[in-house]
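Here is a short note for someone opening this model for the first time. Please keep the structure in view while reading the points.

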Amino acid sequence: MAYFEIKDFRKSFGNTEVLRGIDFSMEKGEVVSIIGSSGSGKTTLLRCINLIEQADVGTMTLGGEMLFDGKQGKQKEKDLRYKRMQLGLVFQSFNLFPQYTVLKNVMLAPMLHNKEIAKSKQELRMLNEKSEADARELIEQIGLTEKIDFYPSQLSGGQQQRVAIARALAINPGVLCFDEPTSALDPELTREVLKVILDLKRRGRTMIVVTHEMEFARKVSSKVIFMANGVIEEEGHPEELFENPKSPILKNFLLSSKEGFDGEVDLSK
Ligand SMILES: Nc1ncnc2c1ncn2[C@@H]1O[C@H](COP(=O)(O)OP(=O)(O)OP(=O)(O)O)[C@@H](O)[C@H]1O
Ligand SMILES: [Mg+2]
């Protein structure tokens with residue numbers, strides 16, 4: 001059985017079926033990129049995976065545990081909270097808490113969780129100390145130790161996005177998802193963020209990355225999924241999919257994205 005598996009995910013908004021039966025699976029430590037034109041359902045898929053939305057139909061398992069089963073109907077918020085902690089999502093627009101420092105942004109979710117599980121004040125203090133130490137380590141990992149007491153408004157977009165990544169990692173999710181993590185950034189800052197994602201791959205993090213950066217998708221992922229109209233139109237190894245696309249829709253998509261592409265992202269600097 002695969003580490004992470006989605007079967008027959010379907011989701012409608014009103015009369016529009018936005019996800020029309022999505023199946024895919026990945027192994028631990030694998031990185032999958034999702035590409036596709038605007039409106040094809042990429043964000044909706046990530047939101048359903050992260051249980052921000054609930055799919056109407058389908059199942060999702062992680063490490064053998066059933067995280068979602070459409071047959072059980074709408075799940076209660078209380079039951080979703082624990083399951084959501086097994087997944088992480090980094091948004092295009094960072095979504096940091098503006099009133100908190102870098103450290104507090106990264107520590108917040110673990111601290112709220114500690115509050116729920118601690119049986120005494122003393123245990124809570126110990127758990128929070130551990131969460132703070134972990135948060136400091138994550139912030140060091142993304143290279144922002146010197147900004148640890150800064151507020152989001154005092155950081156560049158790339159720095160904010162790196163904090164958002166550290167925040168998502170703080171709950172140690174089984175699968176970390178990114179929704180176009182660099183599309184709000186200029187090329188210099190894009191490179192900073194992509195390097196952090198590459199570093200996470202080296203550390204064995206299982207990730208799903210929705211991206212418009214084709215070169216990056218090619219470099220980071222073992223599998224690329226092309227979505228069109230709510231289905232997986234084509235999927236495969238990046239070399240195969242980019243060099244030898246079979247679906248006419250994918251061929252068109254790759255041609256038009258090449259036209260808009262402003263050069264390779266050089267990650268070596
Ligand atoms: N909450 C919602 N209510 C109604 N329709 C929605 C909702 N969320 C998404 N949609 C519709 O679902 C379709 C897919 O949207 P989605 O955001 O998943 O696309 P996307 O592939 O992420 O596009 P983009 O590349 O522009 O981010 C769109 O037609 C959108 O209007
Ligand atoms: Mg989107």
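**Notes on the model**

1. Start at the ligand. Helix α1 (residues 42-49) is the top contributor to the shell around ligand 1, giving 3 residues. Helices (H or I, at least four residues) and strands (E, at least two) are DSSP runs, numbered from the N terminus. Around ligand 1 stand Phe-13, Val-18, Gly-36, Ser-38, Gly-39, Ser-40, Gly-41, Lys-42, Thr-43 and Thr-44. A residue is near a molecule or strand if its C-beta atom, placed from the backbone, lies within 6 Å of it. By class, the shell holds 2 nonpolar, 7 polar and 1 charged residues. Here Ala, Val, Leu, Ile, Met, Phe, Trp, Tyr, Cys and Pro count as nonpolar, Asp, Glu, Lys and Arg as charged, and the others, Gly among them, as polar.

2. A word on the source. This is a predicted model, in which local features need pLDDT of at least 70 and side-chain atom pairs count only at pLDDT 80 or more, while totals for chains, interfaces and linings use all residues. Residues are numbered from 1 along each chain as its sequence is written, with chains lettered from A and ligands numbered from 1 in the order in which they are written.

3. Now the whole chain. It has 9 helices and 10 strands. The C-alpha trace spans about 60 × 50 × 35 Å along its principal axes. Of the 269 residues, 38% are buried. A residue is buried if 20 or more other C-beta atoms lie within 10 Å of its own, exposed if 12 or fewer, and partly exposed in between, with C-beta atoms placed from the backbone.

4. Look next at strand β8 (residues 207-210). Met-207 and Val-209 point one way, Ile-208 and Val-210 the other way, and all are buried. In a regular strand the side chains alternate between the two faces of the sheet.

5. Strand β8 has parallel partners. Strand β3 (residues 31-36) joins β8 through 4 bridges; two strands pair if DSSP finds at least two bridges between them. Ile-34 stands opposite Val-210 in β8. Strand β7 (residues 175-179) also pairs with β8 in the parallel sense, over 4 bridges. There, Phe-178 faces Val-209 in β8. From β7 the chain passes through helix α6 (residues 187-202) to β8, in a right-handed β-α-β crossover. Right-handed means that, with the strands pointing away from the viewer, the path from the first strand over the helix to the second runs clockwise.

6. There is also an open antiparallel sheet. Its 4 strands run in the order β2-β1-β4-β5. The edge strands, β2 (16-26) and β5 (65-69), each pair on one side only. Strand β1 (residues 4-13) and strand β4 (residues 57-62) are joined antiparallel by 5 bridges. Met-60 in β4 is the bridge partner of Ile-6.

7. Which residue in the loop between α5 and β7 deserves a check? Asn-172 lies there, with a positive phi of about 50° although it is not a glycine. Asn-172 counts as partly exposed because it has 14 C-beta neighbours inside 10 Å.
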